[in-house]
Protein chains: 2
Amino acid sequence: MTATTANALTLNLPEGLPYIDFEREFDAPVAELFRAHADPDLVSQWLGPRGLEMTVHEYDFVTGGRYRYTHTDDDGTPYRFRGSYHTVRENELVIQTFEFEGAPDVVSIETLTFVDLGNGRSKLVGHSVYPDVETRDAMAESGMETGMTEGYERLEELLTTSA
Amino acid sequence: MTATTANALTLNLPEGLPYIDFEREFDAPVAELFRAHADPDLVSQWLGPRGLEMTVHEYDFVTGGRYRYTHTDDDGTPYRFRGSYHTVRENELVIQTFEFEGAPDVVSIETLTFVDLGNGRSKLVGHSVYPDVETRDAMAESGMETGMTEGYERLEELLTTSA
C-alpha cells in the first residue's frame, strides 16, 4: 500500500483468516476523533465514499444501543446498513456489529480502538471479523477500500476544519 | 466425538480459524426449541452446566435488544455474561454478541440457526466467531464443552418434560 497523504489508511486482509484490519492516524485530539463517531450529525458528514448522501435513521451510540443508516447514490439507489453497539467506552473503544442489508444475515463484528498519540494527534485501529473468509473477501471486493480511504479523508477534512 | 446420547452435541473447532461450530438435534418441534431460547424463565432452567444458578438481569430478545445474566456456583462465585441481539427471527435465526466479563472486551458473535426436521424434531446449528484464534482457544479450554453438553442435555430434559 502506498501512502498518498501524510495520514494514510493502512489496510490488511490476512490470507486465510476472516479479518479486516486497519489503522489510520489523524491530526486531531482523540476526543475529537471519538466525537466524530458519536454524533450522528458529524458521522453523516464523513462516513463512506464521496458522492453518497447519508441518512441516519437511528443512532443510539451507547453500550447496548443500535444504529441504522442509508447511503444513497446519484441514481437514488439506497444502500442500507444496521448494527448493534456491544460496547461504547468514551475516547477508548467501540465494539459493534455491522450488516449491509444487500447481503442479509452476513454480520461482522468490529472493534474500534481510539489511541491518544499526544500532541493533539490520535490513531484509529480497527479489527473486523466476518463469519467466514469468503464473506470477508466478498466485502473486500465490493469497493470497501475506496469507501474507507475516502471516508477517512473526509473525516480528516472535517476534523481539521472544525478544530 | 462419540455420541453418548441419542441427540449428542457435535462440536468442531477448526484448526487455525477463530470459530466454534456445533450442532445438536432435539426431540421437540422447532417452535419449542426457539421458545426455550426466547423466554428467560425457560432459559434460566437450562443454559450452562449443571450445578450453577442462573439469574437473568436483562433479556430483551428482539432485533436490536440485549441481555445480561449471572451464573453463580456453589461457592457463591459469580460469572457474568452480556451481549446484544443483532437479529432475532422467530423459529429461524438469532445473531448475537457474547462477552464473559471475566475476559473483558473479548467479544464473539454467534449465529444460531433453528432447523425444522419434521416429525416434531428440530436441530440447532451454531457458528461462533472470536476476535482471533487465541481467544477462541482460551474459550474452548475453559470448560466450554462440558458446559454446552450439560446445558443442551438440560434443555432436552426441559423440552421433553414440558412437551
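Here is a short chat about the predicted model shown above.

Visitor: Before we start, what pLDDT do local features need here?
Guide: Residues are numbered from 1 along each chain as its sequence is written, while chains are lettered from A and ligands numbered from 1 in the order in which they are written. Side-chain values use heavy atoms, with hydrogens and water left out, and since this is a predicted model, side-chain atom pairs count only at pLDDT 80 or more, totals for chains, interfaces and linings use all residues, and local features need pLDDT of at least 70.

Visitor: Which pattern does chain A follow along the sequence?
Guide: Helices (H or I, at least four residues) and strands (E, at least two) are DSSP runs, numbered from the N terminus. Chain A has 3 helices and 8 strands. Read in order, they give β-β-α-α-β-β-β-β-β-β-α.

Visitor: What radius of gyration does chain A have?
Guide: The C-alpha trace spans about 40 × 35 × 35 Å along its principal axes. The radius is taken over C-alpha atoms, and the globule rule is 2.2 Å times the number of residues to the power 0.38. For 163 residues a compact globule would come out near 15 Å, and chain A agrees with that, at 15 Å.

Visitor: What share of chain A is buried?
Guide: Buried means under 20% relative accessible area, exposed over 50%, and partly exposed in between (1.4 Å probe, protein chains only). Of the 163 residues in chain A, the buried ones make up 45%.

Visitor: And how far apart are the mean positions of the positive and negative charges in chain A?
Guide: Lys and Arg count as positive, Asp and Glu as negative, with His and the chain ends not counted. Each charge is placed at NZ of Lys, CZ of Arg, CG of Asp or CD of Glu. Chain A has 12 positive and 30 negative charges, and their mean positions are separated by 4 Å.

Visitor: Which residues does A:Leu155 touch?
Guide: Contact means heavy atoms within 4.5 Å. Leaving out residues up to four places away in sequence, the partners of A:Leu155 are A:Phe26, A:Leu33, A:Ala36, A:His37 and A:Trp46.

Visitor: Over in chain B, how far is B:Val125 from B:Phe22, C-alpha to C-alpha?
Guide: B:Val125 sits in strand S8 (residues 121-129) of chain B, and its 25% relative accessibility makes it partly exposed. Its contacts beyond four places in sequence include B:Phe22, B:Glu23 and B:Thr111. B:Val125 and B:Phe22 are 103 residues apart along the chain, yet their C-alpha atoms are separated by 5.9 Å.

Visitor: What is phi at A:Asn91?
Guide: A:Asn91 is in the loop between strand S5 (78-89) and strand S6 (93-100) of chain A. At 25% relative accessibility, A:Asn91 counts as partly exposed. This residue is not a glycine, yet its phi is positive, about 65°.

Visitor: Is B:Thr146 buried or partly exposed?
Guide: B:Thr146 belongs to helix H3 (residues 133-162) of chain B. Its C-alpha is 14 Å from that of B:Arg24, 122 residues away in sequence. With a relative accessible area of 46%, B:Thr146 is partly exposed.
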